[in-house]
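Visitor: Hi, could we look at this one together? I'd like to start with whatever surrounds the ligand.

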Amino acid sequence: MTDFQGKSVLVLGGSRGIGAAIVRRFAGDGAKVTFTYAGSREAAERLAAETGANAVVTDSADRDAVIARVRDSGPLDVLVVNAGVAIVGDPLEQDPDAVDRLIRINVASPWHASVEAARRMPDGGRIIVIGSVNGDRIPFPGMSAYAMSKSALQGMARGLARDFGPRGITVNVVQPGPIDTDLNPADGPMKDIQHAVMAIKRHGPAEDVAGMVAWLAGPEAGFVTGAMHTIDGGFGA
Ligand code: NDP
């Protein structure tokens, strides 16, 4: 447990899966948490009632809505950009609009949210983006667009770390491997092919990812920036 009493945290995409675990972790550690959702209103309302966090609807595909949400959240101590989508399939057959939407949610939104947050973030603030081990390694066909989007976050974090470093604001990417969520269920169709390339042949729990995020947001990580933090059961080893 880290003491986040008095800290203001915004989690973009917090209604389910890894984002919900991050909301639970920060709220449990005393932070004042706001999280966004797009489609999962019931899950968001349940999580808000459970944790005391504030749930607000904001579509991460909508640049202006994301910027307004960050701006209206006031000075943030911690921004976590978790919202992400995956599309799988032959790039020759993929709908270009679906690829553009993925880029808006997985790349453009993290960029605009991070820049807007940094405008009013106090010195020492934390920006944490959820990438993927697929930004480093994509051992299967059909996931190029997703891998491209997660690799883009690496360059973003390295660059923004330098831009915001003079203010002590850190920018980091957490890169999960297979984590048991609706997006990638532990008993889903991809499990065998994923486990085959892992050192620890199972899906990880979302709570472990939340623990890494909390460490990066905490007092011991003030010297950690522009870095990728992989938590993947050896998927990328
Ligand atoms: P889930 O699909 O289980 O949950 C996704 C979350 O993001 C939901 O809360 C969803 O909210 C929100 N979200 C999605 N699209 C939007 C949008 N347009 N606007 C606002 N919120 C949105 O995914 P995971 O928890 O598995 O994944 C979370 C992050 O972790 C993603 O960035 C993903 O790429 C990454 N990741 C996941 C891995 C895994 O194995 N699970 C592995 C590596 C990375 P709502 O339902 O309300 O729209």
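Visitor: So how do the residues of the shell around the ligand divide into nonpolar, polar and charged?
Guide: This is a predicted model, and in it the shell has 13 nonpolar, 15 polar and four charged residues.

Visitor: Which of the 32 residues around the ligand come nearest?
Guide: Those are S15, S40, S60, Y146 and T181.

Visitor: What lies 2.8 Å from a nitrogen atom of the ligand?
Guide: That's a polar side-chain atom of D59. The backbone takes part too: a backbone N or O atom of N82 is 2.8 Å from a ligand oxygen atom, and for A38 a backbone N or O atom is 3.0 Å from an oxygen atom of the ligand.

Visitor: And how much of the ligand's accessible area does the protein cover?
Guide: It covers 94% of the 880 Å² that the ligand has on its own.

Visitor: Which elements give two or more residues to that shell?
Guide: Two helices do, α1 (17-28) and α5 (144-164).

Visitor: Switching to pockets: what takes up the space of the largest pocket?
Guide: The ligand does. About 1,000 Å³ of space lies in that pocket.

Visitor: Which of its 47 lining residues lie nearest the centre?
Guide: G84, V85, A86, T181 and L183. Elements giving the lining two or more residues are α1, β2 (32-37), α4 (96-120) and α5.

Visitor: Which one gives the largest share?
Guide: α1, with three residues.

Visitor: Last one: how does the lining divide by residue type?
Guide: Into 22 nonpolar, 20 polar and five charged residues.

Notes
Residues are numbered from 1 along each chain as its sequence is written. This is a predicted model: local features need pLDDT of at least 70, side-chain atom pairs count only at pLDDT 80 or more; totals for chains, interfaces and linings use all residues. Side-chain values use heavy atoms; hydrogens and water are left out. A residue is near a molecule or strand if one of its heavy atoms lies within 4 Å of it. A polar contact is a pair of N or O atoms within 3.5 Å; within protein, one must be able to donate a hydrogen and the other to accept it, and residues adjacent in sequence count only if both atoms are side-chain atoms. Accessible areas come from the Shrake-Rupley method with a 1.4 Å probe; for residues, only the protein chains shown count as cover. On a 1 Å grid over the protein atoms alone, a cavity is a set of points where a 1.4 Å probe fits but cannot get out, and a pocket is an open set with protein on both sides within 12 Å along at least five of seven lines; lining residues have an atom within 4 Å of a point. A molecule sits in a cavity or pocket if more than half of its atoms lie within 2 Å of its grid points. Helices (H or I, at least four residues) and strands (E, at least two) are DSSP runs, numbered from the N terminus. Ala, Val, Leu, Ile, Met, Phe, Trp, Tyr, Cys and Pro count as nonpolar, Asp, Glu, Lys and Arg as charged, and the others, Gly among them, as polar. Grid points are joined across faces, edges and corners, and a volume is the space filled by probe spheres set on the points.
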